[in-house]
Amino acid sequence: MANWCSNTVEFIGEHSQFEYLEVLFTAIAAKEKKEGKGQLPLFVNERDSGYLFDTRWEGGILYYETKWSPNFEVMKRIAEHFSIGFIHRYAEPGNMVYGEGTYKDGVFTDVFLTSDDYGLCGYDEKSDTYCFEGNTYESNDEILEILLERKKAIKALQDANNG
C-alpha cells in the first residue's frame, strides 16, 4: 500500500487562467468521486505518473494527494498548458519527503529536506515533544518549516550570486 504525499499547489501568472484551472480541478474531483480512482487531466499523458487523489480547489489553491511522492511532471504539463507557473509544497512524513518546488518561466527548482535535516529534530519520548535549537515543539511540522525556509534562503543567495 502506498504512503500518501500531501500536495498544495499555488499557481502564479495570468489570473484569467485561474477560472479554467478551477473548472479543470472541479471536474477532476467529480470524476474521481464517480470512478473511485485517481485522475489526470486529459491533456496529460498517462505515462506521466502521479495521479491526483482527493482533489479539491479552494480559494485559488489546489490540494490533493499522490502516491509516495509529488508529481512534478504532471504539474509542469498543467502549467505549460495554461502558460502559468506554480509553487508546489509537498510532504510525505513516512519517507521523510518534505519540500517546495517552483516552476516559473519554464524553469523548475526543487528545495527539499534530507534525512540529515530530519535528524536535527530531536524527539523526547517522555514528554512526547520535539526539540530543536533549545526550543520545544508539539510536532516536528514547525521545525521542518524552519529548516525548509533556511534552505530556500540559501538557494536564493546562491542564485543571486550566480546570476
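Is E100 buried or exposed? With a relative accessible area of 10%, E100 is buried, a term that means under 20% relative accessible area, where exposed means over 50% and partly exposed lies in between (1.4 Å probe, protein chains only). The model is predicted, so local features need pLDDT of at least 70 and side-chain atom pairs count only at pLDDT 80 or more, while totals for chains, interfaces and linings use all residues. Residues are numbered from 1 along each chain as its sequence is written, and side-chain values use heavy atoms, without hydrogens and water.

E100 forms a salt bridge with K152, with the closest N and O atoms 3.1 Å apart; a salt bridge is a side-chain nitrogen of Lys or Arg within 4 Å of a carboxyl oxygen of Asp or Glu. This pair links distant parts of the chain, from E100 in strand β5 (residues 97–104) to K152 in helix α4 (residues 141–162), 52 residues apart. Helices (H or I, at least four residues) and strands (E, at least two) are DSSP runs, numbered from the N terminus. K152 is partly exposed at 23%. Through shared partners, salt bridges join R89, E100, E145, E149 and K152 into one network.

The count comes to 10 salt bridges. Among them is the pair E73 and K76, at 2.9 Å between the closest N and O atoms. Both residues lie in helix α2 (residues 72–82), 3 residues apart, about one turn of the helix. K76 counts as buried at 15% relative accessibility, whereas E73 counts as partly exposed at 36%.
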